[in-house]
Amino acid sequence: MAPPVASAKLTLSCPLYASDFDPQDNNFLLVGGGGGEGRSGVGNKIVLFALINTSRKQTISNIVDIDLSREEDSVTSLAIASSTSSSVIAFAGINSSQKDQNAGKNEHFRSFRLEYPPKKRTDGRDVDGGAQEYKGQTAPLGRASLFKPSTGSKKETYQRITRLSRPCIVNGGQLGAIATGLAPEGEIVLFDAKTNGPMGPWVEARLSTGKGEAADLDIIGLNDTED
């Protein structure tokens, strides 16, 4: 008989639409979702979890909980761009309010820094042997509009996909890609993930998908110098 597969369960306060593991430490999982703009009292959130292995069972610990505005859309996609032993930087797709979109302004590309617990350990205990109760801090880094303005009568374009290449080991460069959903004309935007700031990252290229839209995408480097 096959050995049992370790598992853990946690109930969230909002529907989940996107998730990504820390590429440098798969003990950390980032998730995002919500009820959207002013919808039935369900909030919009980004949550960072630690997957903790103890001697008794595998558990999930809530490390960072970001309550997002209920005047804007829920998280529709996200990806961890980079991480260190102390924090991660994440990109997310979050539409501006419908009022702003109707006025031609949709800052759908968001970035955040989320802090890890100090001296983290995967067994869920701190350096003194006590249970780890730390709740990390977070800071918004920027918001920007990378897609072309919607030409449709109904403004509902959103950031359906967010993907990142692995960093190049030679120069640290990293390429990102986002794709539209519900756009009058589909678009994929490629950007330099290392140039992100308050006004958003540097756009490298735009690819039109016409009346169709990308269902999924990924970025594959040919070798360590071509990401």
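Which residues form one aromatic cluster with Phe91? Phe91, Phe109 and Phe191 make up this cluster. The model is predicted: local features need pLDDT of at least 70, side-chain atom pairs count only at pLDDT 80 or more, and totals for chains, interfaces and linings use all residues. Residues are numbered from 1 along each chain as its sequence is written, and side-chain values use heavy atoms, with hydrogens and water left out.

A search of the whole structure returned 4 aromatic pairs. Rings of Phe, Tyr and Trp (its six-membered ring) pair if their centres lie within 6.5 Å; planes under 30 degrees apart count as stacked, over 60 as edge-to-face and the rest as tilted. The ring centres of Phe91 and Phe109 are 5.0 Å apart and the planes stand at 45°, so this pair is tilted. Phe91 belongs to strand β6 (residues 87–94) and Phe109 to strand β7 (residues 109–115), so the pair ties together parts 18 residues apart in sequence. Strands (E, at least two residues) are DSSP runs, numbered from the N terminus.

Phe91 is buried, at a relative accessible area of 1%. Phe109 also counts as buried, at 1% relative accessibility. Buried means under 20% relative accessible area (1.4 Å probe, protein chains only).

Gln159 lies in strand β9 (residues 158–164). Gln159 is buried, with a relative accessible area of 0%. Its contacts (heavy atoms within 4.5 Å), not counting residues up to four places away in sequence, include Phe109, His108, Asn95 and Phe147.

Conventions: Helix = DSSP H or I, 4+ residues; strand = E, 2+ residues; numbered from the N terminus. Buried < 20%, exposed > 50% of the residue type's maximum accessible area, 1.4 Å probe, protein only.
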